[in-house]
Amino acid sequence: MKKRLELTPRLRLAADWVPQGAALADIGTDHAYLPVWLLLQGRLRSCIASDLRWEPLRRARDTASRYGAAGIQFRLCDGLGGIQPQEADTIVIAGLGGENIAEILSKAPWTADGGHRLLLQPMSRPEALRSFLSKNGYAIRREALALERETLYVVMEASGGRGPLTLGQLYGGAKLLHDPLGNRYLIETILRLQNAVAGLGRSASTGHPGRADHLREILGELLEMREAWRNANGGRN
């Protein structure tokens, strides 16, 4: 009897958004848990699992072999550099920092053509990724939060389009008004920025005289977003 493959909450959330019959490209696949799980579920018509280094691709092959998932193309490439636009309609980039994901997309402008679904899961700096998307021809279609080992992670679905965001949305989320974990996400973000403001106040010379004021402006919007979340969710804390 083969061992059952279980995804972590953040990867399961991304997997749930992959449409039936997708042509998938999983960028930075590492162990290839997500594409293998999707293949075992019969959800994909084709699959590319790519990574920048040979060792992650070796682990990916081992995972596919262990669980009996056939049909994956394993590809050594930097980001989307070895993927042709017509090879995938759904692109997953999970487990990288927000700035790294933005850099990968910046080198593949065809991902903003409107014909590709992007499922993005930044491990850090989600505000940097949202900022890139909003300024470079992408629109965030939906967002959701996953709690994993007491850490919140956001998953975004984006595609080509127009999607300007406010300062508050860059940091607090563009589509999290009804997310059950939205209040916690906003509180954690508010506390992080408050600590940053306090740190700037303790420094005699920051080199960024307007930084504290900028953060206070963001904080003001985040507090308004938290009140909106509470009103939209029955006043829950």
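Predicted model: local features only at pLDDT ≥ 70, side-chain atom pairs only at ≥ 80, totals over all residues.

How many residues in the lining of the second largest pocket are nonpolar, polar and charged?

A: The lining of the second largest pocket has eight nonpolar, three polar and four charged residues. The space in this pocket comes to about 260 Å³. Of the 15 residues that line it, P126, L152, Y185, E188 and R192 lie nearest the centre. Two or more lining residues come from each of α5 (126-135), β7 (151-160) and α7 (182-202).

For context, here is the largest pocket. It holds about 670 Å³ of space and is lined by 33 residues, with I27, G28, T29, D51 and L96 nearest its centre. Elements giving two or more residues to this lining include β1 (22-27), α3 and α4 (98-106), while β4 gives the most, with four. By type, the lining of the largest pocket splits into 15 nonpolar, nine polar and nine charged residues.

P56, L57, A60, T63, A64 and Y67 are buried in α3. These residues are on the same side of the helix because they cover an arc of only 115 degrees around its axis. The buried residues of α3 pack against α2 (33-40), β2 (44-51) and β3 (72-76), whereas W54 and S65, on the other side, are exposed. Just after α3, G68 adopts a positive phi of about 70 degrees.

Terms used
Residues numbered from 1 in each chain as written. Heavy atoms only, no water. Buried < 20%, exposed > 50% of the residue type's maximum accessible area, 1.4 Å probe, protein only. Arc of directions from axis to C-beta. Contact = heavy atoms within 4.5 Å. 1 Å grid on protein atoms, 1.4 Å probe; cavity = no way out; pocket = protein on both sides within 12 Å on 5 of 7 lines; lining within 4 Å. Points joined across faces, edges and corners; volume = space filled by probe spheres on them. Nonpolar A, V, L, I, M, F, W, Y, C, P; charged D, E, K, R; others polar.
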